[in-house]
Amino acid sequence: MAKKILVIDDDHHIVEYVVSLLKDNGYDTCTASTGASGIEMAQTEKPDLITLDLDMPEGWGTTLYRKLKKDEALKDIPVIIISGLEERPAATEKIDNYLSKPFDRDELLKIIKNAIG
């Protein structure tokens, strides 16, 4: 059974690219375009990993990250931050899996493989 990855990003071009990349590498995917729908999707789908944009409508990605990590059912799911912000926010300094847009596809796949196989 393929590992499932939840892609949370409001940029449909990024979502299409990441979903295509993940499917081409044997992963199942589900998507959300807001923080609220991302939490809901994570609770429903129980993904093996989440990719998370920081700058989204209806909320900042770091707030969503904290909500995920406080939820008993979701806290152990690895999260990869993928951000288009020019500078890395201080609130993300303790998050190991951080990629800046545009990101290297091989680097993303390497992080995913290290996190979930």
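This report describes the strands, cores, salt bridges and aromatic pair of a predicted model.

## Basis of the report

Because the model is predicted, local features need pLDDT of at least 70 and side-chain atom pairs count only at pLDDT 80 or more, while totals for chains, interfaces and linings use all residues. Residues are numbered from 1 along each chain as its sequence is written, and side-chain values use heavy atoms, with hydrogens and water left out.

## The sheet

Helices (H or I, at least four residues) and strands (E, at least two) are DSSP runs, numbered from the N terminus. Two strands pair if DSSP finds at least two bridges between them. Five strands form an open sheet with parallel pairing, in the order β2-β1-β3-β6-β7. At its edges are β2 (28-32) and β7, each of which pairs on one side only. On average, neighbouring strands of this sheet are turned by 20° against each other, direction ignored. For such angles, axes are lines fitted to C-alpha atoms (for helices over the stretch in contact), and the angles run from 0 to 180 degrees between N-to-C directions.

Four bridges join β1 and β3 in the parallel sense; Leu6 has Ile50 of β3 as its bridge partner. Between β3 and β6 the pairing is also parallel, over three bridges, and Thr51 is partnered by Ile80 in β6. Strand β6 (residues 79-83) is in turn joined to β7 by three bridges, and these two strands run parallel. Here Ile82 has Leu99 of β7 as its bridge partner.

## Buried residues in the strands

A residue is buried under 20% relative accessible area, exposed over 50%, and partly exposed in between (1.4 Å probe, protein chains only). In β3, Leu49 and Thr51 point one way and Ile50 and Leu52 the other way, and all are buried.

Ser83 is found in strand β6 and is buried, with a relative accessible area of 1%. Contact means heavy atoms within 4.5 Å. Leaving aside neighbours within four places in sequence, the contacts of Ser83 are Asp53, Leu54, Tyr98, Leu99, Ser100 and Lys101.

In soluble globular proteins, nonpolar side chains tend to be buried together. A nonpolar core is a set of buried Ala, Val, Leu, Ile, Met, Phe, Trp, Tyr and Cys residues joined through side-chain atoms within 4.5 Å. The largest nonpolar core has 19 residues, of which Ile5, Val7, Leu22, Ile80, Leu99, Leu108 and Ile112 touch the most other members. At least two residues of this core come from each of β1, α1, β6 and α4. The largest share, six residues, is supplied by α1.

Apart from neighbours within four places in sequence, Leu99 is in contact with Ile80, Ile81, Ile82, Ser83, Glu107, Leu108 and Ile111. A second, separate core of 18 residues includes Leu52, Met56, Ile81 and Tyr98.

## Salt bridges

A salt bridge is a side-chain nitrogen of Lys or Arg within 4 Å of a carboxyl oxygen of Asp or Glu. The whole structure holds five salt bridges. One joins Lys101 to Asp9, with the closest N and O atoms 2.9 Å apart. Lys101 lies in the loop between β7 and α4 and Asp9 in the loop between β1 (4-8) and α1, so this pair ties together parts that are 92 residues apart in sequence. Asp9 is buried, at 4% relative accessible area.

Lys101 also forms a salt bridge with Asp53, where the closest N and O atoms are 3.5 Å apart. Asp53 lies in the loop between β3 (49-52) and β4 (55-56), so its pairing with Lys101 ties together parts that are 48 residues apart in sequence. Asp53 counts as buried at 4% relative accessibility. Another salt bridge joins the side chains of Lys75 and Glu72 (3.2 Å, N to O). Lys75 is partly exposed at 31% relative accessibility, whereas Glu72 is exposed at 60%.

## The aromatic pair

Rings of Phe, Tyr and Trp (its six-membered ring) pair if their centres lie within 6.5 Å; planes under 30 degrees apart count as stacked, over 60 as edge-to-face and the rest as tilted. The count comes to one aromatic pair. The ring centres of Tyr17 and Phe103 are 5.9 Å apart and their planes are at 55°, so the pair is tilted.

Tyr17 lies in helix α1 (residues 12-24) and Phe103 in the loop between β7 (98-100) and α4 (105-116), so the pair ties together parts that are 86 residues apart in sequence. Tyr17 is partly exposed at 38% relative accessible area, while Phe103 is buried at 14%.
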